[in-house]
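Below are my notes as numbered points, to read alongside the structure.

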Amino acid sequence: MILVFESELKTLKYISLLGATGSIGVQTLDIIKEHPTEFTLVSMSVGRNIDLARKIITEYQPELVSVMDRDAAESLRVEFPQIRFTYGHVGLSEVAVYNKASILVNAVIGSVGLEPTLHAIEAKKVIALANKETLVTAGHLVMEAARRNQVPLLPVDSEHSAIYQALQGEREKNISKLILTASGGSFRDRTRADLQNVTVKDALNHPNWSMGAKITIDSATMMNKGLEVIEAHWLFDMPYEKIDVLLHKESIIHSMVEFHDSSVIAQLGTPDMRVPIQYALSYPDRLPLNTSQRLNLAEIGQLHFSSMDFERFRSLKFAYEAGKSGGTLPTVLNAANEVAVEAFLSGRITFLQIEDLIENALTNHRSTNEPSLAEIKAVDDETRKYVYSLL
């Protein structure tokens, strides 16, 4: 089950935010802005969007900011002399363990979020986790560290937040299965034959959610859901055989839990990532979110569901297989996907070649069981080099 130790969950106001300029990061800032007496941003990291970083720094005045490289840090240091700047991978970890922060929101994309999360756990920060890759690549290490340090891991993904909410007051022994819902992404109504010549612009046109480019592509391939299945396995200590995925076009039911008495508890709401973000920040309390659209089921009228086709969405099949096999295969899955998606977004490969590259990497890898952090980093690096060599 997901680890939450209520004795640690005091009023949590001081926030470190990794990935402040990304989609989840910006929406986290919206929550902080909406509740200025509840939350304060004290440290953050940003990527390449320095112009947006300047605006965030000006408005929120964090004490510590990490950027990608030394030149950006030096430039911003001149503009904001009252703020401390750092950079690179070391900077990410400095932000994650910043002494004034009690809660870390990890909203960076990719495996770069793993080490800062582990460092924050050792520093006994509450973790609000939006970075899927942390658990996908090193779930056994992260969960062991969380148990040892009695650190709560609070899910930010809408699906895992929904499951977590549905499990409040329930007993693990009564769970029959978890049901993750999937919108189907940009191409949910197209056959594989229809996908031969789709463009990047087509793929980025998600019907329901506002997300960053990488996650939107992952949603179109269904890799996003595959990573969430692996994440759910670790968060809720649930075997893969008890984790189902259901196609649900409206994205109103965010996920469900079926119990052994045949009862099913679902969490519903309009597609708004600020809701699960705020729930993680305010847990175990709830705060009003007046700027979120209210759910009107009478207006919606109908909800649609269908079973998942693993041949249509091959990336989801890859994820289940890698998760069940374990070892370093999930690391290969994630690294190969990151390189392939980047190649598609830059126009170097077609949409369907994303799956081909992932399958190639998985097939050619010899897995290591119970890998150490050093082994995970080595496999991640080797996989990226291998996939780049295929481009």
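1. Which strands does helix H6 lie across, and at about what angle does it run to E7? Helix H6 (residues 132–149) lies across E5, strand E6 (126–129) and E7, and its direction is at about 145° to that of E7. Helices (H or I, at least four residues) and strands (E, at least two) are DSSP runs, numbered from the N terminus. Angles run from 0 to 180 degrees between N-to-C directions, with axes as lines fitted to C-alpha atoms, for helices over the stretch in contact.

2. A word on the basis of these notes. This is a predicted model, where local features need pLDDT of at least 70 and side-chain atom pairs count only at pLDDT 80 or more, while totals for chains, interfaces and linings use all residues. Residues are numbered from 1 along each chain as its sequence is written, and side-chain values use heavy atoms, with hydrogens and water left out.

3. Seven strands form an open sheet with parallel pairing, in the order E4-E3-E2-E1-E5-E6-E7. Strand E4 (84–87) and strand E7 (153–155) are at its edges with a single partner strand each, so one side of each has no neighbour in the sheet. From one strand to the next, the twist averages 25°. Within this sheet, strand E2 (residues 40–45) pairs in the parallel sense with strand E3 (residues 64–67) over three bridges, where two strands count as paired if DSSP finds at least two bridges between them. Ser45 is opposite Ser66 in E3.

4. There is also an open sheet of five strands, with mixed pairing and the order E11-E10-E8-E9-E12. Its edges are strand E11 (264–268) and strand E12 (306–307), each with a single partner strand, so one side of each lacks a neighbour in the sheet. Helix H7 (residues 158–166) packs on this sheet and touches E8, E10 and E11, its direction making about 40° with that of E10.

5. On to a helix pair. Helix H13 (residues 314–325) and helix H14 (residues 329–345) pack at an angle of about 150°, their axes 7 Å apart. H13 is therefore roughly antiparallel to H14 (the word applies over 145 degrees). Phe318, Ala319, Ala322, Gly323 and Ser325 of H13 make the contact (heavy atoms within 4.5 Å) with Leu329, Pro330 and Leu333 of H14.

6. Finally, a loop residue. Ile109 is found in the loop between strand E5 (103–106) and helix H5 (114–122). Beyond its neighbours within four places in sequence, Ile109 is in contact with Asn131, Glu133, Lys214 and Ile215. The C-alpha atoms of Ile109 and Glu133 are separated by 7.7 Å, with the two residues 24 apart along the chain.

Key
Parallel < 35°, antiparallel > 145°, perpendicular 65-115°, else oblique.
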